[in-house]
Amino acid sequence: MMKVLDHLEEWLITFLMGAATLIIFGAVLHRYAAGYDIPGLQDWLLSLDVSWAQELCIIMFVWMAKFGAAYGVRTGIHVGVDVLINRLSEARRKPIIVFGLLAGAFFTGVVAILGATFVWENGAHYGIFNALGLDTGDLPEGPTTPDLEWPTWIVYSAVPLGSGLMCFRFLQVAWSFYRTGELPHHDHGHVEGLDDEAEPPMNAIGEEDRIYRMDDELHPHDRDSTGRGRDGKNDGSKPR
């Protein structure tokens, strides 16, 4: 269960981003293709109603933002001002960080509860009872979206679900930090796959191919303070 939960945000964001990209691409393609006077095809394209595409993509981006915030807590990519905290001793620094994480959990937990209450009263109560075949009585059905005509409580469910997941991630990070003293850290300058240098290609006799070393005096080389390149030879240039 935890293995699934540890990658829940990535899967949701990947799906929503991919689906939104395809929908936007299809809507733009439809708009331009419908402008060409092609007998039969133009009439068929004009008969298709894709006015819902923009509204659906907006909803998708709202959900991406809420679950992306939870992903940020788990991976440590949220911006924080920790200059003063990092200058404190370990004994003083640890309780302050734990307090900050628990405060984040408290705040997002409150937002999740208030959001769930709003969603429940905005039509979720009616929708769930109606789906289960229970008596809805005088429960309000709730408003719907303009184009898709979906119940708005489905859209607003991103608030309690995303905030609830953020609350869980804050508690998860706080517990991990309390046990190990380590916080999740994200290197904004890191690019996957660029850390490890690839082995240089070899020629037919098993030596490093000089064409890939660019030893032709046409390319800049890494030099030390004496003006020597990586191969230890002085290329005649002035030291830096």
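**Labels and their grounds**

Reply: In this predicted model, Glu 9 and Arg 169 form a salt bridge in which the closest N and O atoms are 2.7 Å apart. The pair links distant parts of the chain, since Glu 9 lies in helix α2 and Arg 169 in helix α8, 160 residues apart.

Me: Why is the pair of Glu 9 and Arg 169 called a salt bridge?

Reply: The term requires a side-chain nitrogen of Lys or Arg within 4 Å of a carboxyl oxygen of Asp or Glu. For Glu 9 and Arg 169 the closest N and O atoms are 2.7 Å apart, and the pair therefore qualifies under the 4 Å limit.

Me: How do you know whether Glu 9 is buried or exposed, and what about Arg 169?

Reply: Buried means under 20% relative accessible area. Glu 9 has a relative accessibility of 0% and therefore counts as buried, and Arg 169, at 0%, counts as buried too.

Me: What other salt bridge does Glu 9 form?

Reply: Glu 9 also forms a salt bridge with Arg 74, where the closest N and O atoms are 3.7 Å apart. This pair again links distant parts of the chain, with Glu 9 in helix α2 (residues 8–33) and Arg 74 in helix α4 (residues 52–75), 65 residues apart.

Me: Why are α6 and α8 called roughly antiparallel?

Reply: The axes of helix α6 (residues 90–131) and helix α8 (residues 158–180) come within 7 Å and cross at roughly 160°. Angles over 145 degrees count as roughly antiparallel, and α6 and α8 are therefore given that description. Their crossing is left-handed, and the residues of the contact of α6 with α8 divide into 19 nonpolar, six polar and two charged.

Me: How do you know whether Glu 149 is buried or exposed?

Reply: Glu 149, in the loop between α6 and α7 (152–156), has a relative accessible area of 59%, and because exposed means over 50%, the residue is exposed.

Note on methods. Residues are numbered from 1 along each chain as its sequence is written. This is a predicted model: local features need pLDDT of at least 70, side-chain atom pairs count only at pLDDT 80 or more; totals for chains, interfaces and linings use all residues. Side-chain values use heavy atoms; hydrogens and water are left out. Axes are lines fitted to C-alpha atoms, for helices over the stretch in contact, and angles run from 0 to 180 degrees between N-to-C directions. Helices (H or I, at least four residues) and strands (E, at least two) are DSSP runs, numbered from the N terminus. Angles under 35 degrees count as roughly parallel, over 145 as roughly antiparallel, 65 to 115 as roughly perpendicular and the rest as oblique. A crossing is left-handed if the near helix is turned anticlockwise from the far one by less than a right angle, and right-handed if clockwise. Ala, Val, Leu, Ile, Met, Phe, Trp, Tyr, Cys and Pro count as nonpolar, Asp, Glu, Lys and Arg as charged, and the others, Gly among them, as polar. Buried means under 20% relative accessible area, exposed over 50%, partly exposed in between (1.4 Å probe, protein chains only).
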